[in-house]
Amino acid sequence: MTLPRQDATGPLADITVIDLTRALAGPYSTMMLGELGARIIKVEPPGGDQARQIGPHVAKQSAYFMSLNRGKESIIIDLKDSNDRNLFEKMVRRTDVLCENYRAGTMDRLGYGWETLKALNPRLIYAATSGFGQTGPYRHRPAYDMVVQAMGGIMSITGHPGNQPTRVGTSIGDIAAGLFTALGVAAALQHRARTGEGTLVDVAMLDSQIALLENAVARYSATGTVPGPLGARHPSVAPFDAFRTTDGHIVVAAGDDSIFQRFSETVGHPGWSDDPRFATLTDRLARVDELKAEIEAVFATRTSAHWLALLEAADIPCGPINAVPDLFDDAHVADRKMIVSVEDPSAGTMRLTGLPIKMSAYTDEMTRQPAPRLDEHGARLRAEFDEASE
C-alpha cells in the first residue's frame, strides 16, 4: 500500500484515498476523510478541478477551492492518455479508497467502472457520489445543488408561507451527499476489516435530500397533510420560533410544557402556562400565531441582549441569530476549534471551518495544511508509484 500522510494522527491515518472528485459534494467528502487523518491524493484532469476558477479569489487562489481541498496532494492525470492510465492503475492497486463524483456511467466509459477497478484491487472501496445514483431512471441526468434541493422536497418546506421558493442558504444538496459518502466509506472500511472485501458505495444527492426531510415525511405519512414552509417556526412545537425584540430577533425553543412554564415566569407572564389557550402543547400549536403575537409584544419592550440574559439564566433554550462574522468572535466557537487557520503560501492566513467530530484519542489542531497548487505533488507521486511497481 501507499505511505500514509506524514502529519496524520487521526483514526484514518493508515488509509489512502484517490480523489477523482471536483466541485463540492465529492471534495467535501474527501476533505472530511482527510480531516480524520486519511491521505488524500487529488487526481486532477489537465486544467484542474473546475472549483479552482470559482471565486472569491485571494492572491489569484480560489477561497472556495482552498476551503474544500486543504491538506490534499495534487497530481494531473489524463485518463485518456495511455501512460497516465498505466500510472493510474498502479495507484489503484495500492490504494484503499477511490472517490469520484461523475455522472453515472462516466467512469465506465473511461474504462474504470466498479467491476474493472475491483479486478485491479479486490480490497478497494469505490465511493461514487452523483446527482441521482448509479441506478434508477434519473441516473444519467446532470444535477446541481439547486436541482436536488428542489426535487428532494427541501425547498417546499423552506422559507415563509406565500413567498417565492427558497433555497437553503448553504449548498446542503452537495454537503449532505458529501457527509453520507464519508459515512459510507467509513462503514465500507469496517466491512473490509471484517471480511477482507472491498465494496461499492453509491450515494445520490437526491437520496441524501430525502433522508434529511425527517419529520416532514413522518408528518405526511401520519396525517396526509402536505408540509409547507413555516418560516422559522417548528411544525410540532411551540413556542419554537424567531421573535422580534427592540433591536433584532432572538430564537426561543420551549420544547415541552415544563420549559414553557419556566419561560412564562421568566418573561413576567406566569399566567400563560395556565391560560387555556396555551396550557398544553396541543393548545399552543392550535394558537401558534396568537402566542407569537403575545410573546413579541413583551419582547418588543427590551433588547435582544436583555432577553437572552434572562432566558439563559433560567435555562431556557434560546440564542441570538448570528451572522457569519459573529462566529469568528464567539468564545465557544473558538474553544471548540470550529474556526481554524490555514497558512497559504500566496493568500496568507485563511480562517476556515474546523472539524465538528471531536475524539478523545486524537488532538484537534487549530491549523491545517493548505490546499495544493495544481500538480504540486505530481513529480513526487509519479516517482512513488513507479518505483513501488518495479
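**Group meeting: a walk through the predicted chain**

The protein chain exposes about 19,100 Å², and carbon and sulfur atoms supply 54% of that area. Areas here are Shrake-Rupley values with a 1.4 Å probe, and for residues only the protein chains shown count as cover.

Some ground rules. This is a predicted model: local features need pLDDT of at least 70, side-chain atom pairs count only at pLDDT 80 or more, and totals for chains, interfaces and linings use all residues. Residues are numbered from 1 along each chain as its sequence is written, and side-chain values use heavy atoms, with hydrogens and water left out.

Overall picture next. The C-alpha atoms fill a box of roughly 80 × 45 × 40 Å along the principal axes. The chain holds 16 helices and 14 strands. These are DSSP runs numbered from the N terminus: helices are H or I with at least four residues, strands E with at least two. Of the 390 residues, 44% are buried. Buried means under 20% relative accessible area, exposed over 50%, partly exposed in between (1.4 Å probe, protein chains only). Contact means heavy atoms within 4.5 Å. Among contacts between residues at least 6 apart in sequence, 68% join residues at least 24 apart.

Now helix α3, residues 82-93. The expected span is 1.5 Å times one less than the number of residues. Asp81 caps the N-terminal end, with a side-chain oxygen 3.0 Å from the backbone nitrogen of Asn83. Buried residues in α3 include Asp84, Leu87 and Phe88.

On to Glu35, in helix α1 (residues 25-35). Buried or exposed? Glu35 counts as buried because its relative accessible area is 16%. Its side chain makes a polar contact with the side chain of Arg368, at 2.8 Å. A polar contact is a pair of N or O atoms within 3.5 Å; within protein, one must be able to donate a hydrogen and the other to accept it, and residues adjacent in sequence count only if both atoms are side-chain atoms. Beyond neighbours within four places in sequence, Glu35 also touches Arg70, Gly354 and Leu355.

Asn101 sits in the loop between β6 (97-100) and α4 (106-109). At 11% relative accessible area, Asn101 is buried. Leaving aside neighbours within four places in sequence, its contacts include Leu20, Pro27 and Thr129.

Last stop: Val147, in helix α6 (residues 145-151). Val147 is partly exposed because its relative accessibility is 32%.
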